[in-house]
Amino acid sequence: MGSRAEVLKLFRALHRTRQQVFKNDARALEAARQKINEEFRNHQDETSSERIAELMKIGSDVEVLLRTSVIQGLHTGSDSLMLIPRKDLLLDNVPYCDTPTRKL
């Protein structure tokens, strides 16, 4: 775990996710790019395999969180915001049933 190839794969995955999540938002794209690069640069000399595995887990969790939880918003007025969900975030609307169904 934590080989150079795996680290580079995570680095590229984070940047691809950043480009999808913050599409058309130059400020957010640049801020995310800088943060990703900074975090990898800050830990580039890490040699402990346990610490590398921990950092890889954190990076992987961040990628999943960005991909599955972040929704762009666009100010449409002084007090209104239009949400722009990506297609992969949209789920079929499954109605909630308060009473359990009985099995026969």
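UniProt positions are given in the numbering used here, with feature names shortened, and the annotations may be inferred rather than shown by experiment. The model is predicted, so that local features need pLDDT of at least 70 and side-chain atom pairs count only at pLDDT 80 or more, while totals for chains, interfaces and linings use all residues. Residues are numbered from 1 along each chain as its sequence is written, and side-chain values use heavy atoms, leaving out hydrogens and water.

**Exercise 1.** Determine how much of the UniProt "coiled-coil region" is helix.

Solution. Begin with the record: the unreviewed UniProt entry places this feature at residues 19-46. Next, take the secondary structure, in which helices (H or I, at least four residues) and strands (E, at least two) are DSSP runs numbered from the N terminus. The span is 71% helix and 0% strand, and its end C-alpha atoms lie 27 Å apart.

**Exercise 2.** Decide whether Thr17 is buried or exposed, and find its side-chain polar contact.

Solution. Thr17 belongs to helix α1, residues 4-21. Its relative accessible area is 4%, and because buried means under 20%, exposed over 50% and partly exposed in between (1.4 Å probe, protein chains only), Thr17 is buried. Its side chain makes a polar contact with that of Glu63 at 2.5 Å, where such a contact is a pair of N or O atoms within 3.5 Å, one able to donate a hydrogen and the other to accept it within protein, and residues adjacent in sequence count only if both atoms are side-chain atoms.

**Exercise 3.** Describe how β1 and β2 are arranged.

Solution. The strands run antiparallel and are joined by five bridges, whereas pairing requires at least two bridges found by DSSP. Gln72 has Ile84 in β2 as its bridge partner, and two residues separate the strands of this hairpin.
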